[in-house]
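Please look at the sequence and the structure shown here before reading on.

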Amino acid sequence: MTENCSVNCSGGENWTQDTEFCKGFDLFDVENVPRSIIVLNCSANTILVIVSILANILVVSAVWRTPSLRYPSIVFLCGLAVSDLAVGFVVQPLFIAVELLKIHGLPSGGDCTLERAFFTLAYLVCGVSFGLVTLISVDRYIAIQYPLRYTSIVTLPRVFFLITLCWLAGIFCVSLFLWQFSAFLFVVVTVMIVFLGTSTIIHIIIYRIVRRHRNEIRAQEQAVQATNEFNMARFKKTAVNTFIVYYFLLLCYVPFSIAWVLRITGSSSLENPIAWKLGNTIVFLNSALNPFLYCWRVPTIRGPVMTLLKKIFCR
């Protein structure tokens with residue numbers, strides 16, 4: 001009897017911890033938010049889900065169907081499109097489902113299994129996205145700093161290995177979420193600082209390299225200048241493309257991330273559930289925007305995507 005009690009009490013303690021965990025976040029608070037706002041937010045997320053899935057499938061399919069696009073920088077972008085596709089297929093629909101269930105009082109008894117599943121998958125996919133954007137920045141740095149050795153340094157097998165490693169590292173990190181939350185928080189904050197700091201430093205270095213090369217070009221002869229300006233223009237364009245993807249990610253992620261870090265560290269008490277829901281939707285917006293950024297800034301992706309669209313709609 002004592003043994004049964006110890007087992008049951010342990011289960012009750014875990015259930016209580018899960019419930020307290022869910023109550024510690026205002027993202028899924030429906031009691032203090034008008035139902036109309038929740039429904040409107042879910043409707044907006046539904047539109048973003050459709051756009052994210054269709055647009056990212058187009059990008060991935062275009063790269064898959066075009067062997068000439070399978071070079072490192074495009075494969076990195078394709079990896080980012082796959083993580084955005086995971087947001088549209090899994091994470092965002094789960095968020096919508098939890099919101100709609102909670103306004104109908106489900107699941108009963110305060111069970112927050114779905115909320116924990118959402119947070120686990122969201123942290124995984126978002127962490128992978130941050131990692132891939134950092135890898136894209138490193139790739140552009142190598143291309144500009146070591147243009148003659150780039151093809152020997154950045155090879156497709158290494159790119160696939162790094163993308164796989166990024167997913168495995170993300171799975172390891174979210175496993176801490178299920179095992180020890182305090183360790184998970186420490187890892188998440190550390191990884192965010194490393195990724196953001198690395199990308200920012202690399203972008204500053206790239207800017208200085210481009211500016212130095214431009215000054216060197218001006219001091220050269222006219223014939224040499226024409227060739228170097230062409231090469232540097234190509235490098236500058238790819239660097240600008242990386243900047244745009246990075247800054248749009250910051251624009252969508254940073255507000256929610258800062259609020260989240262302030263909340264878990266106790267530096268600030270942000271108890272407005274509407275703000276949390278809006279911030280979460282802005283994070284999801286990034287997954288729908290990225291494919292349009294690729295098609296806008298990368299002609300080698302835009303051409304095959306347009307060709308694929310013509311094949312789909314002109315049959």
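## Terms and basis of the model

A residue is called buried when its relative accessible area is under 20%, exposed when that area is over 50%, and partly exposed in between, with a 1.4 Å probe and protein chains only. By this definition Ile 301, with a relative accessible area of 1%, is buried.

The model is predicted, and local features need pLDDT of at least 70, side-chain atom pairs count only at pLDDT 80 or more, and totals for chains, interfaces and linings use all residues. Residues are numbered from 1 along each chain as its sequence is written, and side-chain values use heavy atoms, with hydrogens and water left out.

## Overall fold

The protein has 10 helices and zero strands, where helices (H or I, at least four residues) and strands (E, at least two) are DSSP runs numbered from the N terminus. Read from that terminus, the order of elements is α-α-α-α-α-α-α-α-α-α. Of the 315 residues of the protein, 44% count as buried.

Helix 4 covers residues 113-145, and at 1.5 Å a residue its 33 residues should span 48 Å, which agrees with end C-alpha atoms that are 48 Å apart; the expected span is 1.5 Å times one less than the number of residues. Because 25 of these 33 residues are buried, helix 4 is largely enclosed by the rest of the structure.

## Helix packing

Helix 2 (residues 35-65) packs against helix 3 (residues 72-103) at an angle of about 155°, and their axes are 8 Å apart. Axes here are lines fitted to C-alpha atoms, for helices over the stretch in contact, and angles run from 0 to 180 degrees between N-to-C directions. Helix 2 and helix 3 are therefore roughly antiparallel, given that angles over 145 degrees count as roughly antiparallel, under 35 as roughly parallel, 65 to 115 as roughly perpendicular and the rest as oblique. The crossing of helix 2 and helix 3 is left-handed, a term used if the near helix is turned anticlockwise from the far one by less than a right angle, with right-handed used if clockwise. The residues of this contact divide into 21 nonpolar, seven polar and three charged, where Ala, Val, Leu, Ile, Met, Phe, Trp, Tyr, Cys and Pro count as nonpolar, Asp, Glu, Lys and Arg as charged, and the others, Gly among them, as polar.

For helix 3 and helix 6, the axes come within 9 Å and cross at roughly 25°. That makes helix 3 roughly parallel to helix 6, and the crossing of this pair is right-handed.

## The nonpolar core

The largest nonpolar core has 76 residues, and those with the most contacts inside it are Phe 118, Tyr 294 and Ile 301. Such a core is a set of buried Ala, Val, Leu, Ile, Met, Phe, Trp, Tyr and Cys residues joined through side-chain atoms within 4.5 Å. Among the elements that give two or more residues to this core are helix 7 (181-218), helix 8 (222-265) and helix 9 (273-297), while the largest share, 16 residues, comes from helix 3.

Val 49 in helix 2 is buried at 12% relative accessible area, and 8.9 Å separates its C-alpha atom from that of Ser 287, 238 residues apart along the chain. Ala 86, in helix 3, counts as buried at 19% relative accessibility.
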